[in-house]
Amino acid sequence: MMQPLLFRALLTGTLITATAGLLQAQDAPIKFGSINEADLTDRNFVADSAASAVVLCDFGRSYFSYGGKGFSVIFERVKRIKILKKSGYEYASGRVPLYHANGRDEKLTSLKGFTYNLVNGQVVKEKLNSDAIFKEESSANVTVRKFTLPNVRVGSVVEYSYSVASDFAFNFQDWTFQEDIPVRWSEYRASIPEYFDYRMVMQGYEPLTVTEQTKSTGQFVVSYSGQSEGGGFTATRTAGGSDTYTPLMTNYRWAMKEVPALREEPYMTTTDDYLARIDFELAGTRMPGRPYEAVAGSWDKIEEELLNNEDFGTQMNRGGFLKDQLTPLLAKAGTDPVARVAAVHGLVRGSIKHNGQSSLRATSTVRRAYDQKAGSAADVNLLLIAALREAGFKANPVVLSTRSHGHLLPDMPPLLSRLNYVLAHVQLPDGQEMLVDATEELAPSGMLPHRCLNGQGRLIMPRGQESRWVELTPKERLTSYRQVTMALDENGGLRGSVHQEHAGYQALAQREKLRELGEKKYVADLSAGHEGWSIPKYAFKERDQLQKPLTLDYDFVSNAEANAPAGTLYLNPLRDFGMEKNPFLHENRRFPVDFGTPLEETTMITLTLPAGYELAETPQGLVMDLPEKGGRFLYGVQSTPAGIQLVSRLSLSRPVYSAEEYTYLREFFARLMAKQGERLVIKKKS
Amino acid sequence: MRCIPFAFILFAGSALTAWAGPAPKYAVAELPAALRENAHAVERRHDELLTVKSAARTVETVLRATTILDEAGSRWASELVYYSSLNRISYFRGAVYDAGGRQLRQLRSQDIRDISLSDGFSLATDARGRVADLSQPTYPYTVEFEYEVVSDNPLFYSTWKPQATEQFSVQEATFKVVMPAGLALRFQERRLPAGTALAQSTVAGQQVYAWRVQNLAALEEETDAPPVSELTPAVFTAPSAFEVEGHAGQLNSWADLSRWTYELNANRATLPPALVAGMQALVAGETDERARIRKVYKFLQANTRYISVQLGLGGWQTFPAADVAAKGYGDCKALTNYCQALLSAAGITAHAALIKAGADEHDIRTDFPSSQFNHVVLCVPLKAAKADTVWLECTDQTNPFGYMGSFTGNRHALLLLPEGGRLVPTPRYGAAENRRQRHADVYLDANGNAKATLRTLRTGLEYDAVAGLAGLELSEQKKRVSNRLALGNFTLDKVAFQPLPTTATIPGLVETLALTLPGLAPPSGKRVFITPNLLSRLSAPTPAVGERQTDVWLDYAFTQLDTVQLHLPASLQPEQLPAPVQLTTPFGTYSSQLQALPDGSIRYVRRLEMPRTRFARADYPAYLEFRRKVSAADKAQLVLLKTDA
């Protein structure tokens, strides 16, 4: 299987060291307040004429300073943008989210900005005013500062600069090189004293133009008054004074040049997974005179912390209150372990409604969530684990990152914030194992919600060394099966009956649709998709048997448009049952196609002709394969005594296709549609 | 565009009842079967009480209890209460009951989330909300919410619409308004069921108005029909006098509202002298009135942009014109005020006009003067012999001169004048203006693959849908055009846009596309099939299940003109041409025909014109028949025979 071509590398230790001592020599790529006048004319932007705006330069720098509260991280940024179209005006506004918690915060300082316009050949420079800066409490811990620059027109250059002083060493500013407009130069520098150990993760599909790493000696003066306690250095003092520390500094410099805009395309997880970006995670501290203290460190540590936590590990053993409900259900389920798991799953799924929120930790206790009959994903699935344990299963949590929360890969630095979801792993007595999630009211036991189909999750075992990665691959496909029996009359009218089954993820989708619309509207919607149809009779089966395919049997009538028998009839039976539009209309793609699940779609038609008519021309059969067993389309037409048999079967065997395979996929669908568009020519026998 | 400043119209409320005791409430067994029919949820009880404390303050109290019958009804299981700097929530409570009416739990304060209602385009807004969700895993169940909002923004009184959506029934709903002595309530009743009457009384010197409805069965929306909220009972209320942050006003007529708004925004039109001189110079020597206005409007569009700031009274009051001159941005009020000042400097008189903007907004209730607006535009009366008006949208940097599209057109606006203005209609575009005219050349090869070039002109409201495309990046243009094309399989080789000249009376955009169409007309043996109507297939509405209940509203008039020139390879010739179709009905006219030309090509010409009209439900079958015939004609196939086979 081909791997998606995501470029993701852990930079720590793997970085090629550039010449030392360069940092001081390196000038900043941009000087705030003075622009190149040529940027106010059109001639520098011929190549970008299609873009609404261009980032000329985005330059960030992070370094440490030492003050009253200990170390803080200072982030400085200068950004300059050329506005090329009116649709690019939005880039003349900026936003800075600031985090605060427990009396510590991130502070925005020295926010400045200018707009430059060329008026009658003269550069006119206007500054950002304080009345154009606003504040929004966006959530309990985040305040967003927003600002907009004055007198922006097509052709303006805007720039702004600001600093953020952060009390949170763990919140070292990440850097994104890529945006939804082109970026000419994006550069980030980080100066990190040896006291702090960060892991750096680079991701994206764009190459770095510059990666440098140099060493130098830093200097921090720690002043203290009598009896105070130093923050980061924590030595208790009795007399006032100051100490000077000169740690070894590592100075990093990364830059990208001419970064293309990133656009959203169908079948992506979240755009954040595809952006060229570098993330920082504090792994530990190494303060003078103290041993190394791991902060994030290992999965072992994260797992231990979770297991010992009141809102995670503890809850999984609190299922005792379910005993009375479980006993009769388990007795009814018999001895088959899978059936018993399903019984527990059914109980949890039916007693607590998922409120739509993904989460890793319980809101309060599983008992309380059960009494409230509603909760987050963690509330639901920790209750599920507790119930499974109560039922005697070896059930343990799998922690993961959902599709919208971004990739989680085993080689990434272990970090709690990468996780946002938990579900249940069950070790069955026969050595088999299964993953169970109870957040989807209409998904059977053993089916993962689509949001969880995101690579791998971490199985946390009570004994740390048994913890491991598990694949979050879907066990089921997006499966549709239709069997159609229909009769053509000599005027061209059709009537017939359809037996249709939706299984796997398609069953989930269709049950959800059915629940939302109700049977009547579901069927009305079905007939709306088939022009000229009426559906006099229909019956749904297995609506509530989630382990079984959702079945719909219906009759349809499509009246002839002509009033008289025709000598030749042209029929395109797959028009009503095939694909409407090639999902891949764009010629190329830079990213993998991530469907989440494999797909299987089968339609079998038996067509009876009016007496005295015959198939004049039989379309050619077709079998078409995607490279590396990626998928197959099969089409065949056959005349039999029972009538004309037509088969169309599409299967896509993988959830993810690489960007290289895109061309094949697109062509595959194009040919499939052409085949499904072929008509049967039916003639009166002479 | 996008200006929703006169923010949230709050709901109303009811007498606060004592908190739930142990006795069961809202047992589902007590629910009449007729109310469960076709319903996802049933309003068991909905009491709204509006207490007008004074001209400057109102208190709205709501109690609602809703039984959720199935998952599709679960959106009624949560409640969002708005607040802002002018609206304060005094309390917000809730509880949930099982089918038997036993209380399952009460809402705790930690279950209520406080959220910013930042609309995504405002730079700053004070709109916030408190949200609570009482969804349950099993149905049916009943939620009960109670809340009270104190408002210092009494320009808006409650609108009572107890049954605003489909598949939602109402067991009982009441609406009560308590007015202080000396302040009259203005109200308007609509579609109250027979026997429902206003109960009016005086309690301790206060006038009390009360309405009540019971047992409203669920309705279902039909195609081409009025929305359910236009079919069900409603009571609209409005103040006769009000005061917002010290600005008092009367509201007994449109003139009153006009005068108050005018005064609130008066004396904010001073421009820097250099700019005044600049405007005079800009129009100097230009004698044509329209051309003078156009020059000023062009200046506005080139030098300003829209930024939304919605804070307190700022929702009603404009920033001074001098601010916009200095910063180059503003919200709808500020930009309109600025444009008015620019025009004034150029010697042109213009009036601001309040309007209810939005693509799907129905017109305001013109017979009920009240604050129904959310946007402001500029109305420039021309002095020319033939009375005419130019309307200007000041918040959009690309809006064509004088164009009021689907956002502001075809509705009433209130002129703001010192002596009190009146309602005036904004331009309406009919079938002749809302035109889509397309010419396609399709070059088919012997294998059924094709190349095509398409030139499409869209004018009037047809232009609205594509207006934004021309300014986008090429890859974004390709993406949007591809998604819109009603074709299964194609590659877009070229996309280009060219607007009509600015002097055109209605705006238009020409779109030129080049396409590769693999497998457009796949051969089946000796024959090749192609639908000459390449892109303009109009499908028929789904036949209604059961009898049509509501009248038919066709709100959008348009014309479609299509010419498709099919260029065939020598090896193909038509076996038979579909017969021409000509339909003339009150619901629309249609024609399509095919013609073999001497050069061997085939020309397809189609014309569809749909009027803006309303007719009785009895005519629905005839309308459906018309649409079916159009659909059938649109799908007609041309059969080509291979001459070399």
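**Exercise 1.** Which domains does the domain assignment give for chain B?

*Solution.* The model is predicted: local features need pLDDT of at least 70, side-chain atom pairs count only at pLDDT 80 or more, and totals for chains, interfaces and linings use all residues. Residues are numbered from 1 along each chain as its sequence is written, and chains are lettered from A and ligands numbered from 1 in the order in which they are written. Chain B is assigned domain 1 (28-244), domain 2 (273-425) and domain 3 (435-642); such bounds come from an automatic or database domain assignment.

**Exercise 2.** Describe the contact between domain 1 and domain 2 of chain B.

*Solution.*
1. The C-alpha centres of domain 1 and domain 2 of chain B are 36 Å apart.
2. Domain 1 of chain B puts 15 residues into the contact and domain 2 of chain B puts in 12; residues are in contact if their C-beta atoms, placed from the backbone, lie within 7 Å.
3. On the domain 1 side, β7 and β15 of chain B each supply at least two residues, and β7(B) gives the most, with 4 residues. Strands (E, at least two residues) and helices (H or I, at least four) are DSSP runs, numbered from the N terminus.
4. By class, this side has 10 nonpolar, 4 polar and 1 charged residues. Ala, Val, Leu, Ile, Met, Phe, Trp, Tyr, Cys and Pro count as nonpolar, Asp, Glu, Lys and Arg as charged, and the others, Gly among them, as polar.

**Exercise 3.** Work out the sheet that contains β15 of chain B.

*Solution.*
1. The order is β10-β15-β12 (chain B), an open sheet of 3 strands with antiparallel pairing; strands pair if DSSP finds at least two bridges between them.
2. β10 (159-160) and β12 (185-190) of chain B are the edge strands, each pairing on one side only.
3. Between β12(B) and β15 (residues 234-239) of chain B there are 6 bridges. Opposite B:Arg186 stands B:Ala238 in β15(B).

**Exercise 4.** Is B:Ala204 buried or exposed?

*Solution.*
1. B:Ala204 sits in the loop between β13 (199-203) and β14 (206-216) of chain B.
2. Its phi is positive, about 50°, although B:Ala204 is not a glycine.
3. B:Ala204 has 7 other C-beta atoms within 10 Å and is exposed. The cut-offs are 20 or more such atoms for buried, 12 or fewer for exposed, and partly exposed in between, with C-beta atoms placed from the backbone.
4. B:Asp224, in the loop between β14 and β15 of chain B, also has a positive phi of about 50°. B:Asp224 is partly exposed, with 18 other C-beta atoms within 10 Å.

Conventions
Contact = placed C-beta atoms within 7 Å.
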